[in-house]
Amino acid sequence: MTGEQIVFLVVAFFTLAAGFMVVTTRNLVHAALWLVAALFGVAVTYVTLHANFLAVVQVVVYIGAIAILFIFAVMLTRRDMRDQGPQMNKNWWLGALLAVLTFGGLYFLLQGWEGMTKTATSYPVSFDAISELGSALVSPVGYVLPFEVASVLLVAALVGAVYVAFNPRNGDTRK
Amino acid sequence: MVPLSWYLVFAAALFSIGMFGVLSRRNAVAILLGIELMLNAVNINLAAFWRYGDVRLMTGQVFAIIVFAVAAAEVAVGLALVISVYRNRHTVVADEIDMLKW
């Protein structure tokens with residue numbers, strides 16, 4: 001067992017445990033903080049895959065923006081479900097069964113695939129993945145169209161989010 | 001070196017945990033937390049396939065970045081809807097949000 005494998009196993013178990021806490025903790029603020037822990041674990045996984053830019057974006061966008069947005073939303077909607085009442089719906093066992101079946105099915109499918117045991121070729125020494133990624137994102141023969149569509153989607157979604165959540169101070173006219 | 005299978009099994013497990021959260025939690029914000037876990041599992045797969053294929057083809061990383069953008073859009077709209085519903089109905093339980101108009 002090499003050092004890389006030990007690092008991967010530790011990070012993977014930590015991430016899965018944090019993810020499990022996200023879906024089972026009663027207190028939603030704690031669930032959001034466990035989500036931050038799980039996202040950090042995924043960022044370390046990107047580092048083990050040499051995807052350095054993705055790791056940085058994971059920390060900046062997911063932990064810096066999305067997780068903080070979650071914590072704000074939890075605090076804004078906290079009043080009625082704090083500590084009383086069940087946190088799971090009454091068919092939670094069906095959800096657990098489906099999740100286990102999904103994992104089993106994926107595992108079964110992956111076992112039958114011959115690329116499963118593939119190991120990585122050694123990483124090229126003088127390969128600059130970030131500049132390659134940058135030119136792939138903006139080159140016309142690359143992915144400029146999906147990139148622009150994603151940016152338009154993001155702008156539209158944020159404008160829509162502001163409109164939906166906007167609360168005019170003198171009386172909400174949409175009531 | 002870590003074999004590809006470890007990453008794929010790890011991502012499948014994370015996806016299943018997120019799916020359990022989506023299917024079982026009553027709170028709408030907790031459902032969105034589960035969706036975040038599922039999107040992260042997909043991103044691990046994309047990055048792993050990029051690394052274990054030809055690293056000069058950047059498709060995997062490009063689509064991981066597009067998944068980041070879509071996740072940010074989804075969270076912004078989802079949380080805005082939850083906050084709006086909470087302001088009008090004083091509930092965030094997904095079971096009780098069953099009206100188109102009130």
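## Domains and chain contact

The C-alpha centres of domain 1 of chain A and domain 2 of chain A lie 23 Å apart. Domain 1 covers 1-79 and domain 2 covers 130-167 of chain A, with bounds that come from an automatic or database domain assignment. The model is predicted, and local features need pLDDT of at least 70, side-chain atom pairs count only at pLDDT 80 or more, while totals for chains, interfaces and linings use all residues. Residues are numbered from 1 along each chain as its sequence is written, and chains are lettered from A and ligands numbered from 1 in the order in which they are written.

Between the chains, 77 residues of chain A are in contact with 66 residues of chain B, a contact being two residues whose C-beta atoms, placed from the backbone, lie within 7 Å. On the side of chain A that touches chain B, H1, H2 (28-48), H3 (52-76), H4 (92-111), H5 (129-138) and H6 (144-165) of chain A each supply at least two residues; helices here are DSSP runs (H or I, at least four residues; strands are E, at least two), numbered from the N terminus. H4(A) gives the largest share of that side, eleven residues. By class, the side of chain A that touches chain B has 57 nonpolar, 15 polar and five charged residues, where Ala, Val, Leu, Ile, Met, Phe, Trp, Tyr, Cys and Pro count as nonpolar, Asp, Glu, Lys and Arg as charged, and the others, Gly among them, as polar.

Helix H1 (residues 3-24) of chain A packs with helix H1 (residues 4-24) of chain B at an angle of about 10°, their axes being 9 Å apart. That angle makes H1(A) roughly parallel to H1(B), a term for angles under 35 degrees, with over 145 as roughly antiparallel, 65 to 115 as roughly perpendicular and the rest as oblique. Residues making this contact include A:Phe8, A:Leu16 and A:Phe20 of H1(A), and B:Trp6, B:Phe10 and B:Ile17 of H1(B). The contact of H1(A) with H1(B) has twelve nonpolar, four polar and no charged residues.

Two residues other than glycine have a positive phi, as tabulated here.

How values were computed
Axes are lines fitted to C-alpha atoms, for helices over the stretch in contact, and angles run from 0 to 180 degrees between N-to-C directions.
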